[in-house]
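Please open the model in your viewer and keep the sequence beside it, so that each selection can be followed in both.

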Amino acid sequence: MRPTVLCFSGLDPSGGAGLQADIEAIGQSGAHAAIACTALTIQNSQQVFGFEATSKELLLAQANAVVKDLPIKAIKSGMLGTTDNIAALAAFLREHPDYLYVLDPVLVANSGGSLGNQETLVKAFVELIPFATVITPNTVELRALTGEQDLEKATAKLFEMGAQAVLVKGGHENTPEYIRNALYENGEMISETKCPRLDGEYHGSGCSLASFIAGRLAQGDELKVAVNHAEAWLFGVLKNAESPVEGGQKIPKRF
Ligand code: PLP
């Protein structure tokens with residue numbers, strides 16, 4: 001059986017982000033995706049209308065059921081929804097120190113809609129940081145997690161908070177022509193990539209990138225190789241993304 005990535009992520013009924021993005025990206029990376037569902041969201045390509053989070057008991061019951069019979073090599077987390085779910089994931093990771101772990105610190109949807117109480121989520125994420133093989137914040141999340149506005153200081157602070165590696169994604173920065181991502185390991189930058197900025201807004205780009213990285217790590221790639229492969233793959237799926245309606249975010253075409 002293919003190496004498995006167990007994702008802790010929410011359902012986005014539009015199919016652009018969340019657990020569907022994870023399943024498709026991990027499938028494309030060559031690994032198998034399993035899901036412990038953290039929340040059911042109500043949203044489309046334009047707006048988040050609300051969500052209902054899974055209880056921590058139900059979340060852990062899902063994860064523990066598959067741990068017993070799938071060849072899990074890596075964990076990926078996206079929307080966790082509540083501080084209870086974050087604490088439950090931390091307890092799960094403590095029990096499974098051998099798993100690789102990709103932490104996508106999701107706070108809000110790209111459309112701006114709430115996926116949980118940002119203030120309490122930020123505090124709770126601190127517990128997950130030391131477990132992560134790599135953390136994949138965009139610059140908004142990086143600033144929120146660290147309370148530092150300057151990106152260099154914010155990255156350094158994340159390492160002080162126990163991070164092992166950080167992929168800083170520059171999509172929210174004011175660089176109209178390009179997007180710059182920088183990968184840091186043990187406080188040092190080990191990779192910098194720039195790709196042309198594509199027009200429009202994309203739904204589920206962060207989920208797709210983090211999941212593809214987790215899929216490649218599960219199959220034995222080194223971190224830098226996994227990240228660079230995922231970045232190249234993501235550019236292709238965003239270039240082919242489809243617009244459901246005028247004004248809506250584009251849905252990446254992951255197949
Ligand atoms: N997880 C869920 C369930 C979501 O609905 C969203 C955004 O809508 C995300 C994660 C984060 O999406 P993105 O990859 O666009 O940051």
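A residue counts as buried here if its relative accessible area is under 20%, and as exposed if that value is over 50%. With those cut-offs in mind, bear in mind also that this is a predicted model.

Begin by selecting helix 6, residues 151-160, and colour Ala154, Thr155, Leu158 and Phe159, which are buried. Looking down the axis of helix 6, you will find its buried residues within an arc of 145 degrees, so they line one face of the helix. An α-helix has 3.6 residues a turn, so residues three or four places apart point the same way. Turn to the other side of helix 6, where Glu152, Lys153 and Glu160 are exposed.

What do the buried residues of helix 6 pack against? Show strand 6 (134-135), helix 5 (139-146), strand 7 (165-169) and strand 8 (178-185), which are their packing partners.

Next, inspect the two ends of the helix. At the start of helix 6, a side-chain oxygen of aspartate 150 comes to within 3.2 Å of the backbone nitrogen of glutamate 152, while just after helix 6 glycine 162 adopts a positive phi of about 110 degrees.

Now move to strand 4, residues 72-77, of which 5 of the 6 residues are buried. Strand 1 (residues 4-11) runs parallel to strand 4 and is joined to it by 5 bridges, with valine 5 having alanine 74 as its bridge partner in strand 4. Strand 5 (residues 100-103) is also parallel to strand 4, through 4 bridges, and here isoleucine 75 stands opposite tyrosine 101.

Note on methods. Residues are numbered from 1 along each chain as its sequence is written. This is a predicted model: local features need pLDDT of at least 70, side-chain atom pairs count only at pLDDT 80 or more; totals for chains, interfaces and linings use all residues. Side-chain values use heavy atoms; hydrogens and water are left out. Buried means under 20% relative accessible area, exposed over 50%, partly exposed in between (1.4 Å probe, protein chains only). Two strands pair if DSSP finds at least two bridges between them. The arc is that of the directions from the helix axis to the C-beta atoms. Contact means heavy atoms within 4.5 Å. A polar contact is a pair of N or O atoms within 3.5 Å; within protein, one must be able to donate a hydrogen and the other to accept it, and residues adjacent in sequence count only if both atoms are side-chain atoms.
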